[in-house]
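Open the model in your viewer and keep the selection tool ready. This tour goes stop by stop, saying what to select and what is there.

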Amino acid sequence: MLASGSCLLTDVCDQLHETSQKINVVNRLSRHLEKGTPASAISAYLQQMKKWMPAEPVIYIDDSDIVKPDGYKFKALGIVRDSSESTSTKNVYKKDYHVTESCVLTSGNHPVSIFSKIHSSQEKDYKSANTITFQAMEQGAALFGKATFAMNRGYDDNKMFLKLDDLNQDYVIRLKSNRKLLYHNKWITAAEPRNRRKGKIKTNVFYKGKDHQAYISHVKVQITASRKDIYLVLVYGITEHLMRLATNKEIKSKDDVIRVARTYFSRWRIEEYFRCKKQMFQFKNFRVRKLKSMSLRFPS
């Protein structure tokens with residue numbers, strides 16, 4: 001795949017330089033894919049990745065999709081809303097699969113995958129997308145013992161906070177504006193502290209490929225999920241609207257607040273990882289039809 005720059009079996013065959021006919025090589029590779037990835041191979045991969053990670057790893061979990069608009073013979077192909085083309089007044093639905101990915105930055109600041117799964121609600125015995133996300137969380141906790149999970153506002157869900165508390169993991173999660181918080185013994189939305197707190201800490205953060213000047217504040221709050229004390233970090237100046245980050249990491253100083261904000265903004269690297277995977281290896285262009293053949297099955 002590296003040599004061919006493609007996930008298509010026919011392209012991979014060209015780089016094997018075997019004397020057998022191409023159709024026979026493709027059939028052989030297809031049969032191996034249907035068996036799934038050997039647990040021993042995945043375990044060896046994860047242990048090698050672990051050697052490249054910093055002492056305090058940050059795990060990024062995000063979802064993407066693989067659209068197959070003309071696919072008719074792919075197994076368990078679902079129909080979902082295409083967020084890239086849908087608007088506030090019009091929903092566009094396409095045939096596709098979901099992809100849940102978990103990445104960690106190496107000590108050299110390079111994103112590598114520790115969990116990757118293509119899934120569909122049309123699968124037999126399929127439970128939910130949350131179940132797959134929980135598997136990714138469990139994988140990270142099992143591999144590192146303790147890590148920080150950085151996720152966007154699509155994961156602002158009580159179930160996510162409770163799961164991470166149950167696994168005894170740290171987190172930095174961007175909140176939606178309507179998230180309910182307990183602040184000074186009063187329930188408020190995450191949008192309300194905007195006018196009460198002003199950014200007192202000035203720092204630079206790297207976001208979407210550019211350096212930005214940000215102003216940051218923080219307050220202690222509780223969320224509806226666990227009623228445990230956490231911190232709400234408010235980030236001004238990056239986007240048109242105030243950004244709200246929830247974290248259970250300890251904050252004792254100005255540097256701690258900046259570290260939390262930069263942890264979240266480093267999440268942009270998983271977006272770059274997805275783009276690289278789709279553009280360099282034609283990830284969306286695979287032709288195998290069974291889900292078991294499509295993605296690595298990381299052991300739990």
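**Stop one: helix 1 and helix 2**

Select residues 9-16, helix 1, and residues 22-34, helix 2. The two pack at an angle of about 115 degrees, and their axes are 9 Å apart. Axes here are lines fitted to C-alpha atoms, for helices over the stretch in contact, and angles run from 0 to 180 degrees between N-to-C directions. Helix 1 and helix 2 are therefore roughly perpendicular to each other. The scale is this: under 35 degrees is roughly parallel, over 145 roughly antiparallel, 65 to 115 roughly perpendicular, and the rest oblique.

Helix 1 passes helix 2 in a right-handed crossing. A crossing is right-handed if the near helix is turned clockwise from the far one by less than a right angle, and left-handed if anticlockwise.

Now show the side chains. From helix 1, Leu9, Thr10, Val12, Cys13, Asp14 and Leu16 take part in the contact. They meet Lys22, Val25, Val26, Arg28, Leu29, Ser30 and Leu33 of helix 2. Contact means heavy atoms within 4.5 Å. Between helix 1 and helix 2, the contact residues divide into eight nonpolar, two polar and three charged. Ala, Val, Leu, Ile, Met, Phe, Trp, Tyr, Cys and Pro count as nonpolar; Asp, Glu, Lys and Arg count as charged; the others, Gly among them, count as polar.

**A word on the model**

This is a predicted model, in which local features need pLDDT of at least 70, side-chain atom pairs count only at pLDDT 80 or more, and totals for chains, interfaces and linings use all residues. Residues are numbered from 1 along each chain as its sequence is written, and side-chain values use heavy atoms, with hydrogens and water left out.

**Stop two: the whole chain**

Zoom out. The chain has eight helices and twelve strands. Helices (H or I, at least four residues) and strands (E, at least two) are DSSP runs, numbered from the N terminus. Of the 300 residues, 49% are buried. Buried means under 20% relative accessible area, exposed over 50%, and partly exposed in between (1.4 Å probe, protein chains only).

**Stop three: two positive phi values**

Most residues other than glycine have a negative phi. Select His17, in the loop between helix 1 and helix 2. Its phi is positive, near 55 degrees. His17 is exposed, at 65% relative accessibility.

Go on to Asn185, in the loop between strand 7 (180-183) and strand 8 (186-189). Phi of Asn185 is also positive, near 60 degrees. At 77% relative accessibility, Asn185 counts as exposed.

**Stop four: Arg267**

Select Arg267, in the loop between helix 6 (254-265) and helix 7 (268-280). Is Arg267 buried or exposed? Arg267 is buried, with a relative accessible area of 8%. Its side chain makes a polar contact of 3.1 Å with the side chain of Asp62. A polar contact is a pair of N or O atoms within 3.5 Å; within protein, one must be able to donate a hydrogen and the other to accept it, and residues adjacent in sequence count only if both atoms are side-chain atoms. Leaving aside neighbours within four places in sequence, Arg267 touches Tyr60, Asp62, Ala150, Met151 and Asn152.

**Stop five: Ser128**

Finish at Ser128, in the loop between strand 4 (111-119) and helix 4 (129-144). Ser128 is partly exposed, at 28% relative accessibility. A polar contact of 3.0 Å joins the side chains of Ser128 and Thr131.
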